[in-house]
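Thanks for asking me to walk you through this one. Have a look at the model first, and then let us go over it together.

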Amino acid sequence: MVLASLLPALLSAQERPLTPEQQEKQRAANAECFSCHSAEGLKAPPKEGLDLKKLRGLLQHPETFYQADHQKLLCTKCHNEGYDEHPHAADARESTSTCTDCHSKKANLIEAQFEKSVHADLADKITCPTCHDPHLMRVASKQADPARIVAQDNRVCLGCHDSDEQFAKFAPEKKQRPPIDDLHAWLPNTRLHWKAVRCVECHTPEVAAGDMLSHQILAKDKAEKDCLTCHSASSTLKTRLYRHLVKEEQQRLGFANSVILATSYVPGATRHPLLDTLVLGAFAAMLLGLLAHGLGRVLTRGKHRPEEEKSTEKKAEPRDGDNGQNGDHHG
Ligand code: HEC
Ligand code: HEC
Ligand code: HEC
Ligand code: HEC
Ligand code: HEC
Ligand code: HEC
Ligand code: HEC
């Protein structure tokens, strides 16, 4: 009893879980807003004469909200005065809390990083909620599935960088959107990479373990281009995308890198000697195979130099980010 009542007091105000009573109260209060602002609400609004066309564009999703970062908050924590009644007050929007109101310490840090970011010139157009929908987003450290983290975080960047319409809304005048696949033509399997790693893995400076992800987006001269940064035993993915998961897995299975192994076949990433031998063995066998194949070609072709061979091969094949590279390297 004593412990149970002490424990919440020891946690910071933000981390404290809601008691069942608090949660019930919170959900009942939010249900008032959802009675209009949800798919169900739109179908059966609690009163007549609403502008349903407008409302259709203003729906929220209760299930998503209760999994997002702000799941414990009342809608009215951020949507302050003016929304309790409908029609809402004409100036209600102006009193909506900003991110900085509640996250001043983090926001200060982030704003300093943003000033050095490629988007710095767009500071009046790109603000926190441009990238973070406060009703949807779930911080990576609180998610368990790397595929979901990647999908969520890349949706933010691709939302602009893979859409002419959205890009044009933010870009300086006349600036055309360069196709994202062309910019990364040097990366084999680009679309697979978009599903497996985040843009921010390569486009932000590395930070110390436990620190917040940097919001300084790096331009091309500073972005990560070295394959071995990820495809090696000391993969930075361990301290980035997988940093939370590896620990969990470690505790659960006592096996250091099974997450990396399971999601991406990175030779040498495991500390399990048998698996290492198997992976390296398979790799070596493949290399030997390739070597023997290459040697055979050199012997039969005589004077052809490797450079010539490469460039003619490149010309002959249609340029396609998703060609046989994959099988060559990883079997
Ligand atoms: C009876 C239905 C109804 C309820 C209940 C309701 N809303 Fe609305 N809300 C609307 C409609 C309809 C609009 C579209 C604009 C308009 O008609 O005022 C809207 C617009 C909004 C907007 C965008 C308006 C703007 O200023 O740009 C926000 C934000 C909002 N509501 C938040 C809330 C919150 C928070 C609650 C709960 C405290 C809530 N609403 C409860 C019907 C409702
Ligand atoms: C952490 C703060 C926060 C909480 C909690 C929050 N909202 Fe919002 N909401 C915002 C902000 C900020 C915006 C404006 C976003 C923008 O300007 O792009 C917004 C926008 C909206 C809009 C208008 C969307 C639009 O496209 O213009 C609606 C409707 C809305 N919220 C409803 C709700 C409902 C319902 C809840 C509770 C389930 C809720 N919000 C909880 C911060 C919050
Ligand atoms: C009314 C206060 C309030 C406002 C306004 C607010 N937040 Fe939060 N936010 C919180 C609280 C409280 C938590 C922690 C919830 C928890 O611990 O479960 C949180 C958690 C988060 C998290 C998860 C990371 C972490 O440190 O736990 C992110 C990311 C976040 N907020 C971003 C934003 C952004 C972006 C905005 C502006 C669109 C915003 N918040 C506006 C109160 C707020
Ligand atoms: C250009 C898009 C963009 C902008 C602008 C942006 N963020 Fe982020 N933010 C992201 C992405 C992507 C992540 C990675 C998500 C993660 O790690 O959970 C993130 C992560 C975060 C995190 C969690 C970091 C961590 O490692 O725990 C917080 C908190 C946060 N943002 C707050 C803010 C605030 C506050 C602002 C405005 C001052 C802001 N962000 C502006 C894209 C953006
Ligand atoms: C709201 C739209 C938007 C979002 C979201 C966004 N960007 Fe951008 N980004 C732009 C625009 C517009 C430019 C061009 C800026 C300029 O030319 O001044 C740009 C420029 C860049 C550049 C420099 C390239 C150049 O042409 O100067 C990089 C790198 C970049 N963004 C990466 C990212 C990453 C990574 C994310 C996700 C964390 C992201 N962006 C999210 C709109 C966006
Ligand atoms: C594997 C690392 C990696 C990943 C993942 C990655 N990028 Fe890049 N990106 C780079 C490198 C390196 C360059 C510079 C290429 C060059 O030298 O031409 C670049 C170039 C760019 C540019 C042009 C930059 C400029 O200054 O002109 C943009 C915009 C961009 N990336 C956005 C993104 C977005 C959006 C994503 C996520 C969908 C992403 N990148 C994912 C490494 C990466
Ligand atoms: C930011 C980390 C990162 C960087 C940098 C990176 N990769 Fe990857 N790469 C991955 C991840 C994660 C996968 C996902 C593998 C999967 O899903 O099986 C992957 C997949 C691949 C695949 C497909 C493997 C398969 O099993 O299908 C190839 C080939 C590949 N990368 C080659 C490269 C090359 C070549 C470079 C450098 C030009 C590079 N990668 C840079 C993280 C990275």
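The numbered points below go from the whole chain to the ligands and then to a few single residues.

1. **How to read the model.** This is a predicted model, in which local features need pLDDT of at least 70 and side-chain atom pairs count only at pLDDT 80 or more, while totals for chains, interfaces and linings use all residues. Residues are numbered from 1 along each chain as its sequence is written, and chains are lettered from A and ligands numbered from 1 in the order in which they are written.

2. **Confidence.** The average pLDDT (the predictor's confidence in each residue, from 0 to 100) of the protein chain is 79, and 69% of the residues score at least 70. Residues 1–13 stay under 50, and the model gives them two contacts beyond four places in sequence; a contact here means that two C-beta atoms, placed from the backbone, lie within 7 Å. Residues 302–331 are also below 50, with 17 contacts beyond near neighbours in sequence.

3. **The overall fold.** You will find 19 helices and zero strands in the protein chain. Helices (H or I, at least four residues) and strands (E, at least two) are DSSP runs, numbered from the N terminus. Of the 331 residues, 11% count as buried. A residue is buried if 20 or more other C-beta atoms lie within 10 Å of its own, exposed if 12 or fewer, and partly exposed in between, with C-beta atoms placed from the backbone. Among contacts between residues at least 6 apart in sequence, 45% join residues at least 24 apart.

4. **The nonpolar core.** Which residues form the largest nonpolar core? There are nine: Ala140, Ile149, Val150, Val197, Cys230, Leu237, Leu241, Tyr242 and Leu245. Such a core is a set of buried Ala, Val, Leu, Ile, Met, Phe, Trp, Tyr and Cys residues joined through C-beta atoms within 7 Å. Val197 touches Val150, Cys230 and Leu241, leaving out residues up to four places away in sequence.

5. **Ligand 2.** The shell here has 16 residues, with Cys33, Leu58, Cys75, Cys78 and Pro134 the closest; a residue is near a molecule if its C-beta atom, placed from the backbone, lies within 6 Å of it. Helix H2 (20–34) and H6 each supply at least two residues, and H6 gives the most, with three. By class, the shell has eight nonpolar, seven polar and one charged residues, where Ala, Val, Leu, Ile, Met, Phe, Trp, Tyr, Cys and Pro count as nonpolar, Asp, Glu, Lys and Arg as charged, and the others, Gly among them, as polar. Domain 1 (11–97) and domain 2 (102–224) each provide at least three residues, with bounds from an automatic or database domain assignment.

6. **Ligand 3.** Of the 17 residues around ligand 3, the nearest are Asp69, Ser97, Cys99, Cys102 and His132. Helices H6 (75–78), H7 (99–102) and H9 (128–131) each supply at least two, and the largest share, three residues, comes from H7. The classes are seven nonpolar, five polar and five charged. Domain 1 and domain 2 each contribute at least three residues to this shell.

7. **Ligand 4.** Around ligand 4 there are 21 residues, and Cys128, Cys131, Val139, Ala140 and Leu213 are the closest. Ala140 also belongs to the largest nonpolar core. H8 (104–115), H9 and H10 (146–161) each give at least two residues, with H8 giving the most, four. The shell divides into 12 nonpolar, six polar and three charged residues.

8. **The loop between H6 and H7.** Tyr83 sits in this loop and is partly exposed because it has 19 other C-beta atoms within 10 Å. Beyond neighbours within four places in sequence, Tyr83 is in contact with Thr76, His88 and Ala92. Pro87 is found in the loop between H6 and H7 too, and the peptide bond from His86 to Pro87 is cis, with omega near 0 degrees.

9. **Two positive phi values.** Most residues other than glycine have a negative phi. Lys174 has phi near 70 degrees and lies in the loop between H11 (164–170) and H12 (180–183). Asn189 has phi near 55 degrees and lies in the loop between H12 and H13 (190–196). Lys174 counts as exposed, as it has 6 C-beta neighbours inside 10 Å, whereas Asn189, with 15, counts as partly exposed.
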